[in-house]
Amino acid sequence: MDTVSELLSDIVENADAVALFSPTGSLYERFVEADLDVDVIVVGTENAVGADAFVDIPLDFTDIDDLVEFGVGAAVGDGYIEEGDVVVCAMGVFGEEIDTVSRVRAEESVHSDLYDLFVNSRAEPTVIRSVLEVAIDLGKKGQKGKPVGALFVVGDAGNVMNKSRPLSYNPFEKSHVHVGDPIVNVMLKEFSRLDGAFVISDSGKIVSAYRYLEPDAKGIDIPKGLGARHMAGGAITRDTNATSIVLSESDGLVRAFKGGKLVLEIDPEEY
Ligand SMILES: Nc1ncnc2c1ncn2[C@@H]1O[C@H](COP(=O)(O)OP(=O)(O)OP(=O)(O)O)[C@@H](O)[C@H]1O
Ligand SMILES: [Mn+2]
């Protein structure tokens, strides 16, 4: 059997594009050589196969829904496909060979929120990515073996400062340090044991620690069982153009809020 073309011809029929998620070189070659009647887009954290059409994902999403949602959103955003196009997403979840295929239509409802979080936040995408990494790392290890919670409010710092007040003296008052610097990651983890939120600027400068947020939380929905940290973290993203990244001390998950909505939920143990 002519593997790729026959196996996938039914699924690929009338599709506008095939998105290969982190394919091996030989798999990608087979797709190109199969000469299917559709565009082949590679989606991954790096373009290891040197594909012409490549979509960069900011995080190794372990959840397939998230992966597909982000991949399709980014393919639209990067101009490889258009709204309404049908994309066949193919990946090897359990190994290098394709074992999972989904056929989705690129629609606002499928792809907008997660892509938007990384690409259309006020803060630079690398800043969002770095803060997520700190939160995931902190969630994995905790502080001295104990679970910790933390709240990072990223972007639109001036407005966030206006909607909050200090709980204690600000250790970052006179410093010019940025997320992503290794020393800063250590500091963020150290200070996360204490109360309140970190405020981070669009460019990643740590503006303040220990901020008590006072947004209008009316009508904000957060998952059941969570309390004031998540309520404040969600609500501040509706009152301002900030994005919040919250690590829960109680359930250990990292969540991201934008525009008052929960847009991403990650279990650090899976990273
Ligand atoms: N408005 C706020 N601004 C900044 N930090 C807050 C705010 N409200 C609560 N916090 C911080 O969150 C911590 C935990 O509060 P709470 O248990 O109510 O939140 P939670 O949403 O249940 O989060 P967790 O899952 O981590 O327990 C508080 O000790 C405080 O440090
Ligand atoms: Mn709690």
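User: How many cavities of 30 Å³ or more does the structure hold?

Analyst: The structure holds 1 cavity of 30 Å³ or more. Keep in mind that this is a predicted model. The largest cavity takes in about 30 Å³ of space.

User: What makes a space like that a cavity and not a pocket?

Analyst: A 1.4 Å probe fits at its points but cannot get out, whereas a pocket is an open set.

User: Which residues line the largest cavity?

Analyst: The lining is made up of F191, L194, D195, G196, A197, F198, A209 and Y210. Two elements, β8 (197-200) and β9 (206-213), each give two or more residues to it.

User: How do the lining residues divide by type?

Analyst: You get 6 nonpolar, 1 polar and 1 charged.

User: Why is the contact between E97 and R30 called a salt bridge?

Analyst: The closest N and O atoms of E97 and R30 are 3.2 Å apart. The cut-off is 4 Å between a side-chain nitrogen of Lys or Arg and a carboxyl oxygen of Asp or Glu, so this pair qualifies.

User: Why is R30 called partly exposed?

Analyst: Its relative accessible area is 29%. Buried would mean under 20% and exposed over 50%, so R30 falls in between.

User: What about E214 and R165, what makes them a salt bridge?

Analyst: Their side chains meet at 2.8 Å, N to O, and the limit is 4 Å. This pair also links distant parts of the chain: E214 sits in the loop between β9 and α8 (228-239), R165 in strand β7 (residues 164-166), 49 residues apart.

User: Are those two residues buried or partly exposed?

Analyst: Partly exposed: E214 has 38% relative accessibility and R165 has 45%. Both values lie between the 20% and 50% cut-offs.

User: How do you know that E249 and R229 form a salt bridge?

Analyst: Their closest N and O atoms are 3.8 Å apart, and the criterion is within 4 Å, so the pair counts. E249 lies in the loop between β10 (243-247) and β11 (254-258) and R229 in helix α8, so parts 20 residues apart in sequence are tied together. E249 is partly exposed at 47%, and so is R229 at 27%.

User: What makes β3 and β5 the edge strands?

Analyst: The open sheet of 5 strands runs in the order β3-β2-β1-β4-β5, with mixed pairing. Strands β3 (54-56) and β5 (100-105) each pair on one side only. On average, neighbouring strands in this sheet are turned by 25 degrees against each other, direction ignored.

User: Why does G259 count as partly exposed?

Analyst: G259 has 47% relative accessibility, and exposed would need over 50%. G259 is found in the loop between β11 and β12 (261-266). Its C-alpha atom is separated by 9.7 Å from that of S121, 138 residues apart along the chain.

Technical notes: Residues are numbered from 1 along each chain as its sequence is written. Chains are lettered from A and ligands numbered from 1 in the order in which they are written. This is a predicted model: local features need pLDDT of at least 70, side-chain atom pairs count only at pLDDT 80 or more; totals for chains, interfaces and linings use all residues. Side-chain values use heavy atoms; hydrogens and water are left out. Two strands pair if DSSP finds at least two bridges between them. Helices (H or I, at least four residues) and strands (E, at least two) are DSSP runs, numbered from the N terminus. Axes are lines fitted to C-alpha atoms, for helices over the stretch in contact, and angles run from 0 to 180 degrees between N-to-C directions. On a 1 Å grid over the protein atoms alone, a cavity is a set of points where a 1.4 Å probe fits but cannot get out, and a pocket is an open set with protein on both sides within 12 Å along at least five of seven lines; lining residues have an atom within 4 Å of a point. Grid points are joined across faces, edges and corners, and a volume is the space filled by probe spheres set on the points. Ala, Val, Leu, Ile, Met, Phe, Trp, Tyr, Cys and Pro count as nonpolar, Asp, Glu, Lys and Arg as charged, and the others, Gly among them, as polar. Buried means under 20% relative accessible area, exposed over 50%, partly exposed in between (1.4 Å probe, protein chains only).
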